Amino acid sequence: MPAFPVTYFDVRKLRISKTSANGADITRQLESVEEIIIPHTSRVGNTPSSTLTYTIYGRQELSDSYIFDVTVGGSNISGSNQTAVSTIFEPYTSENFDNSDFNALFNNAVTPANTANVQKVDYSTNPNIPVNIAAIRNNIAERADVQLLLHTSPGLISGRYGGKQLTGQFINEFRNGDKSYGKTPVIEHTTPYFCIFDYISGFSPEHNKANAIVISYIVDELGNLTTPDSPTALPILQQGFPSDSKFEISIQSSAIGGTEAKLLGMNEVLRSGVRVEPILYSYTASQYLKPAYSASHQLEFDVDADLQTYDAAASGSGTQSPSTSYPDITAVTFSLEKKDDLNNYNTSTSRYSFSQDTQQPVKFSTFIEHSGEGEELSNGNGFRTAEVDYRIEVSSDGTFNSNTVTTLASQKVSYRTSTRPDITMESGFRNFNSGSVVRVVVQPLDGDLGDLDLFGRSFQATSFASGSTFVAQSDNGQGYFFTTGSAASNTTLTASISLSSKYDNLYIGIRNATAANQGFNTVTLPFTVQPGDEIKFNNDEARTFIVTAVQTPSQNTEQLLYITLNAKPNKAANKDFFAIRRYVPSSNMILMKTDRVRGTQSNGILFPEYPSARLKANYERIISDLKSKGIL
C-alpha cells in the first residue's frame, strides 16, 4: 500500500459561524475571543495526535460569521480526516446550553411526581381480582407512577383550553400589576436602527408643535448604512420610529446652548417618513402668524395675476324661431361678441370657442325672452302642453356628439297658451381646454309644440378679473368657511362661493404676500382637500381638526366645497383664520413633537429608546467606525 503524501500548510484565516452546530448563538463569544484551540487527529485513530492553538490578531464581522486573522507557530500537517471537531475559545465561556431555545428537552419532566393517593393494581396472576387487593384496602400498596394533575379537571382543561393570559401596561416595560413571566416585559418591540441627521429645522407656521429632523443616513445594528434615496428607507423610518415612540437626540457640536439645547435628550415622534406641505392659508407669518386683514377688518384673498381671464359677451335682437319638432336641436344665435381679455373675437354667432386652455375658472350665463304655445287640440277645445329644454352645452372638440358634449346648465319650460317668465341660466365655474366650444340650444321634449319664438337674448362668459380681491365677508356675510346646518353634532364646513371657485387650482391666497413675508413654505400643490388633511384655526394647534370626508364643487349642484371634520369646531374658532396642511411621504424626514424651537445646523444622532440587543452591543464600535470614515 503506498504511503500517503505529507503536505505542509499554514493557516492564516479562519471563518467561524455565529451559530454553533447545536443552534446556540455564540456571537458574544466571537466578539471577545483571543485564542482558538482545535484538537487535531491523524488520518487514522481517534485520539488527538496534536493540539492546534491559533492566536487572533484581527477579525472581520460578516452578517452570519466572523473571519479571523490568526498566527500559529510552525507548520501544520495535513492528513486529518475529521470534519467536525470541538473548538475551545479563550477566554472560555460556560454558557449553559440547557437554557437554549434549541434544547428539545428543555422543561421536560424526567421522573413523574407520584401522588400519595394513587396505588398500583396488580393483575399479574388473576385477571379478575388484584393480587394485592388487601394492600390496596389498607392503603399500603406500591404507589403508581402517574401525575395526579393529569386526572383532575384543571389538569385536563388548563393546557388544552385555558391557556395563559399575560397583561402589560406598556411595551418594553414591566410595571407593578402586570401579569408576565417574572418581571420581563409582556411585549417587547426593539429597533435595530439609529439615524444620523444633517440638521433640525422648525416647521412653523405650518405646524407649531413639530420640528423636522433631516436624515442623512440610517445605520443598522451591524453598522451598514442606508441613504434616504434607497427604496427601503421610507419603510424603515415608518416602522422603526412609529408615531408616539421615543428617541434620544445627541448633537455633534461642542457649543450647544439656547434653544438648541432644548432639542437634546429624549424626544417623541410626531410622524415618521413625512413632511408638512401647506395647501392654503389665510394669514402671513412675518411676526409669527399675525393675521392679514383688509381695511374693513376682513380677510382677503387675491387672484393670481398671471391667470388668464375671459369677459366676453354677446347679445341678440329680433325674432328667432327654433324647430318645434322632437328631437331637433336648434342653436341659439347671437350677434358677434365683444373682445375678450385676450383681444380675441369669436367668429361664430351661435357658439363661443376657446383659443387656449384656461387656468382661471370660467362661468357662462344666458338670458332669453321667449313666447310659445302647444298645438291646438283637434276639437278646438284648447291646446296641448308641450315641454322644451333650454341648455348651455360644451363640447371638448366642437362636434357636440354624445361622446364630447357636457351640459353646463339647463332649464325646462312648459308651453300651453300663457306667456312664460324669461329664461335665465348660469353654469358653475370650471376650467376649459383649447378647442372647447360652448353654445346655447333649444330642444322640444314632450307633447306637440305649435309655436316657439325667441326675442331679446344675451350670452356671456365671465371669470374673475386679474388683480381683483375677494373678501371673506363677500358671500352674505358667511365668511370663507362656515358650519353647515344647525345641529350641535354637525361637523361639516362649507366653503364660500369665492373659495370654492378656486378648487383644484394652484392658488396663493394671501393678498400682496411674497415668499419673503408670508412665512410658510412655498405652495407647490393645487388647492384640493383630501381625507387625512388637517385644518388649523386661529393658529392654535389645539384647534386642529382632521378631514374625514370631502365633497368637491363638481360633485354637487351648488358648486361648493364641503369638508367633514372629525369634530365640530367651537364658536371661538375663527373660520376665516385658517391653514390647511398635508403630510406627504418623505424618506429623509422624521417629525418630532416639540413647541416651536429654532433648529440646529449641526449634525447628530437619533437613537431609539429601545434599541435591539445587538445594536447596544455594537454601538460604540459602529460610532468609532463612522468617525474614522468622516461620517460623524
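**View 1. Asp 533 and Arg 582 pair up through a 2.9 Å N to O salt bridge between their side chains.** A salt bridge here means a side-chain nitrogen of Lys or Arg within 4 Å of a carboxyl oxygen of Asp or Glu. The two partners come from distant parts of the chain, 49 residues apart: Asp 533 sits in the loop between helix H5 (497-500) and S26, and Arg 582 belongs to strand S29. Helices (H or I, at least four residues) and strands (E, at least two) are DSSP runs, numbered from the N terminus. Asp 533 and Arg 582 are both buried, with buried meaning under 20% relative accessible area, exposed over 50%, and partly exposed in between (1.4 Å probe, protein chains only).

Before you zoom further, a word on the model. This is a predicted model, in which local features need pLDDT of at least 70 and side-chain atom pairs count only at pLDDT 80 or more, while totals for chains, interfaces and linings use all residues. Residues are numbered from 1 along each chain as its sequence is written, and side-chain values use heavy atoms, with hydrogens and water left out.

**View 2. Glu 534 meets Arg 271 in a salt bridge, with 3.8 Å between the closest N and O atoms.** Here strand S26 (residues 534-537), which holds Glu 534, is linked to strand S12 (residues 265-281), which holds Arg 271; the pair is 263 residues apart. Glu 534 is buried, at a relative accessible area of 8%, whereas Arg 271 is partly exposed at 31%.

**View 3. Salt bridges with shared partners build one network.** Its members are Arg 271, Glu 534, Lys 536, Glu 541 and Arg 581. The structure holds 21 salt bridges.

**View 4. Lys 593 and Asp 244 form a salt bridge whose closest N and O atoms are 2.7 Å apart.** Lys 593 lies in strand S29 (residues 578-593), and Asp 244 lies in the loop between helix H4 (233-240) and strand S11 (246-251), 349 residues apart. Lys 593 is partly exposed, with a relative accessible area of 33%. Asp 244 is also partly exposed, with a value of 47%.

View 5. Of its 632 residues, 40% count as buried. Among contacts (heavy atoms within 4.5 Å) between residues at least 6 apart in sequence, 69% join residues at least 24 apart.
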